[in-house]
Amino acid sequence: MDSHPPLRAWCLLTSALALTLLALPGRASAQESFARRTDIPDAHLRGVTHIVCATFPQDAVSEVPLYERRSTGFQPAGSIRRAQTEPLSRWADPGGWQEDCYPAFEHERAHEHGVPVQYAHVILDIRSGRKAWLRDGGADDAKSVWVTIESLRPLAAFEDKGIEFFKLRRESQPLLVFREEPRDDANPLYVSLHDEQLILGRRVGDFAEVLVFDEAGEQYRHRAWVRLVDTEGLLLLWPANYPSHGC
């Protein structure tokens with residue numbers, strides 16, 4: 001896997017938020033919801049390059065700053081209320097902070113005042129397809145929204161996340177098949193989605209490596225390969241805020 005800090009960038013908002021992440025409540029008290037697959041046009045999941053998440057600390061202003069691309073670079077373009085967006089997934093912690101995640105289709109890097117920044121073109125409404133540019137980071141304020149932009153190319157979007165194997169699959173689509181190698185004609189393998197702690201490792205073409213935690217060795221080990229996108233570039237997997245194991 002690529003070497004990244006063990007905690008995601010938005011944990012740097014404040015040390016208190018970082019401590020909150022380290023002590024996340026169990027799945028019985030946390031809630032994660034997903035848009036219904038039947039409400040999502042396939043076009044809104046095809047060609048996704050990044051996953052963008054907006055994290056709202058407790059008592060945060062529920063607005064996300066928007067940007068527009070001009071010939072002179074990116075410029076602020078107002079904001080949108082959280083209630084006016086329709087993320088693909090929404091996670092709520094009983095301690096008060098929440099996170100909304102959206103698919104993105106374009107990504108640009110820039111330097112502003114000597115500081116590297118990232119922008120992504122995001123579908124803010126997964127049903128209607130309404131798009132806008134978001135910028136990573138946020139204001140130096142513990143009550144401001146914090147935006148992270150993570151790539152699907154090295155699977156950085158899945159770091160420190162679980163995997164949702166089924167939410168992006170239509171009933172008419174074939175079931176996901178785990179394979180020995182990252183190719184469609186490789187031998188299929190059985191992988192338990194309920195009894196094992198699974199994460200994604202490397203990406204090879206359209207496939208993602210599935211790793212399982214070995215309690216005896218206290219490390220993740222290779223288990224199989226699974227398609228991240230189908231043959232038409234339709235996204236099949238989505239990061240979850242805690243390992244859902246397909247439940």
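This is a predicted model: local features need pLDDT of at least 70, side-chain atom pairs count only at pLDDT 80 or more; totals for chains, interfaces and linings use all residues.
The protein contains 16 strands and one helix. Of its 247 residues, 47% are buried. Contacts between residues at least 6 apart in sequence were examined for their range; 60% of them join residues at least 24 apart.

Aromatic contacts were considered next. A pair of aromatic rings is described by the distance of the centres and the angle of the planes. Six aromatic pairs were found in a search of the whole structure. One of them is formed by Phe 74 and Tyr 119. Their ring centres are 3.9 Å apart and their planes meet at 10°. The pair is therefore stacked, since planes under 30 degrees apart count as such. Phe 74 belongs to strand S4 (residues 73-81), and Tyr 119 belongs to strand S7 (residues 115-123). The two residues are 45 residues apart, so the pair links distant parts of the chain. Both Phe 74 and Tyr 119 are buried. Ring pairs also join these two residues with Tyr 67 and Trp 133 in a cluster.

Charged side chains also sit over aromatic rings. Arg 82 lies over the face of Phe 56, at 4.8 Å from the ring centre. Lys 131 is placed over the face of Phe 105, and here the distance to the ring centre is 4.9 Å.

Leu 155 is found in the loop between strand S9 (146-151) and strand S10 (162-164). Its relative accessible area is 2%. Buried means under 20%, so Leu 155 counts as buried. Leaving aside neighbours within four places in sequence, Leu 155 is in contact with Leu 200, Gly 201, Arg 202, Arg 203, Ala 208 and Leu 228. The C-alpha atoms of Leu 155 and His 50 are separated by 9.1 Å. Along the chain, these two residues are 105 residues apart.

Side chains of opposite charge can pair when their charged atoms come close. The structure holds 19 salt bridges. One of them joins Arg 127 and Asp 39, with the closest N and O atoms 3.5 Å apart. Arg 127 lies in the loop between S7 and strand S8 (131-135). Asp 39 lies in the loop between strand S1 (31-34) and strand S2 (50-56). The pair therefore ties together parts that are 88 residues apart in sequence. Arg 127 is partly exposed, at 42% relative accessibility. Asp 39 is also partly exposed, with a relative accessible area of 22%.

A salt bridge also connects Arg 70 and Glu 68; the closest N and O atoms are 2.5 Å apart. Arg 70 has a relative accessible area of 42% and is partly exposed. Glu 68 is partly exposed at 33%.

The side chains of Glu 106 and Arg 69 meet in a salt bridge at 3.6 Å, N to O. Glu 106 is in strand S6 (residues 98-112), whereas Arg 69 is in strand S3 (residues 63-70). This pair links distant parts of the chain, 37 residues apart. Glu 106 is partly exposed at 31% relative accessibility, and Arg 69 is partly exposed at 43%. Salt bridges that share partners join Arg 36, Asp 39, Glu 86 and Arg 127 into one network.

How values were computed:
Residues are numbered from 1 along each chain as its sequence is written. Side-chain values use heavy atoms; hydrogens and water are left out. Helices (H or I, at least four residues) and strands (E, at least two) are DSSP runs, numbered from the N terminus. Buried means under 20% relative accessible area, exposed over 50%, partly exposed in between (1.4 Å probe, protein chains only). Contact means heavy atoms within 4.5 Å. Rings of Phe, Tyr and Trp (its six-membered ring) pair if their centres lie within 6.5 Å; planes under 30 degrees apart count as stacked, over 60 as edge-to-face and the rest as tilted. A charge sits over a ring if NZ of Lys or CZ of Arg is within 6 Å of the ring centre and within 35 degrees of the ring normal. A salt bridge is a side-chain nitrogen of Lys or Arg within 4 Å of a carboxyl oxygen of Asp or Glu.
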